[in-house]
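This briefing goes through one protein model, starting from a single residue and its contacts and moving out to the whole chain. The sequence and structure come first.

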Amino acid sequence: MTRTVAMGQNTTQRLNGLDALRGLAALSVAAFHLTFFRFVLFGTTIPSEFIATTSATRYGYLGVHVFFVISGFVITMTASDTTAEKFIASRVARLLPLFILCSALSLIAVTITGHREPSFALYLANLTLAPEAFGQPFIDGVYWSLRCEVIFYVFILSLIFSGRLSELLYPLCLGWLAVCALYGFGLLPSIMRRAVVADYAPLFVIGIGIYLWRDKPNFRHMVLIGLATATAILNELRHLK
C-alpha cells in the first residue's frame, strides 16, 4: 500500500509538471502563428512590433514536437492500465466534441475572410481527418497534428486489443523507427509516410521510451530513447532540405 501511495504521488507531481510543459508548448505555437507564420503564409510584411520577437518565435512550431513527446509518454502510461473500451471512450470524449466545434468555427472563419467557399462537404471531409481522400483540403492546416495523434492512438489501441501491450510495444517501436528512418533517407513513398506518420512518429517513440525507462530503468529503454531521438533529428534535417 505504501508503494502504491508513493507511486500515486509521483504520478500527480509528474502530471502537474507535464501540464506546465504543455502550457509552454501551446504558448510557443500560438506565438509562432501570431507573430511569424501567418505573415509568411500570406506573403505579407511582418509588422515592426513583431520583428524583435521573430528571432525566437519563428521556432515556436517546435512546441508541436514537445506535444508529441508528451503524448507518447502519457498515452502509454494510460494504456498500461486500461481496457480498449475505456481507452476509446476517453480519447473520443477528449477530442471529438471540441474537434467538431473547432472545425465549424474554422469553416466560418475562412468563409468570412474569403479563403474558402462555404461547403458542408468540406466540413464533413475534414471531420475524417483525411480530407484529401475526398478531394478536399484541410479547413485549417493546423489539424495535421491531430491526425498524427489519432494515428498514434490507433497504434496503441491495436496493442491494447492484442492483450500483449507490454510484450509487443518495444519491438514494434523499433520496427516503426526503422520505417521512419527510411523516410529520413528519402526511401519511403509519400503514401506510406502519411499512413505511419513517418516524419513525426519518432517523437511519440521518445515519449514511449521515457515512460518505459521511468517505469523500469534499463539499458534497452535508453537505447530506444537514443534511437528515436536520432531518427527524429534525421527527419528534421530532411524537413529542412
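T231 touches L177, C180, A181 and P202, with residues up to four places away in sequence left out; contact means heavy atoms within 4.5 Å. This is a predicted model, in which local features need pLDDT of at least 70, side-chain atom pairs count only at pLDDT 80 or more, and totals for chains, interfaces and linings use all residues. Residues are numbered from 1 along each chain as its sequence is written, and side-chain values use heavy atoms, with hydrogens and water left out.

**T231 and its setting**

- T231 sits in helix α10, residues 219-240; helices (H or I, at least four residues) and strands (E, at least two) are DSSP runs, numbered from the N terminus.
- The relative accessible area of T231 is 9%, so T231 is buried; buried means under 20% relative accessible area, exposed over 50%, and partly exposed in between, with a 1.4 Å probe and protein chains only.

**The chain as a whole**

- The protein chain has 10 helices and zero strands.
- With a radius of gyration of 19 Å, close to the 18 Å that the globule rule gives for 241 residues, the protein chain is as compact as a globular protein of that length; the radius is taken over C-alpha atoms, and the rule is 2.2 Å times the number of residues to the power 0.38.
- Along the principal axes, the C-alpha atoms of the protein chain fill a box of roughly 60 × 40 × 40 Å.
- Of the 241 residues, 36% count as buried.
- Among contacts in the protein chain with a separation of 6 or more, 63% are between residues 24 or more positions apart.

**Surface and charge**

- The protein chain carries 18 positive and 12 negative side chains, and the centres of the two sets lie 5 Å apart.
- Lys and Arg count as positive and Asp and Glu as negative, while His and the chain ends are not counted; the place of a charge is NZ of Lys, CZ of Arg, CG of Asp or CD of Glu.

**Helix α3**

- Helix α3 (residues 62-79) has 18 residues and should span 26 Å at 1.5 Å a residue, which agrees with the 26 Å between its end C-alpha atoms; the expected span is 1.5 Å times one less than the number of residues.
- Helix α3 is mostly covered, with 13 of its 18 residues buried.

**Positive phi in loops**

- L129, a residue other than glycine, has a positive phi near 65°.
- L129 lies in the loop between α5 (120-127) and α6 (144-162), and L129 is buried at a relative accessible area of 9%.
- V197 is not a glycine either, yet its phi is positive at about 50°.
- The loop between α8 (190-195) and α9 (201-215) holds V197, which counts as buried at 3% relative accessibility.

**Partly exposed helix residues**

- R194 belongs to helix α8 and is partly exposed, with a relative accessible area of 43%.
- Not counting residues up to four places away in sequence, R194 touches E132 and I151.
- R194 and L172 are 22 residues apart in sequence and 18 Å apart in space, C-alpha to C-alpha.
- A89 is in helix α4, residues 84-112, and counts as partly exposed at 46% relative accessibility.
- Between A89 and V29 there are 60 residues of sequence separation and 28 Å in space, C-alpha to C-alpha.
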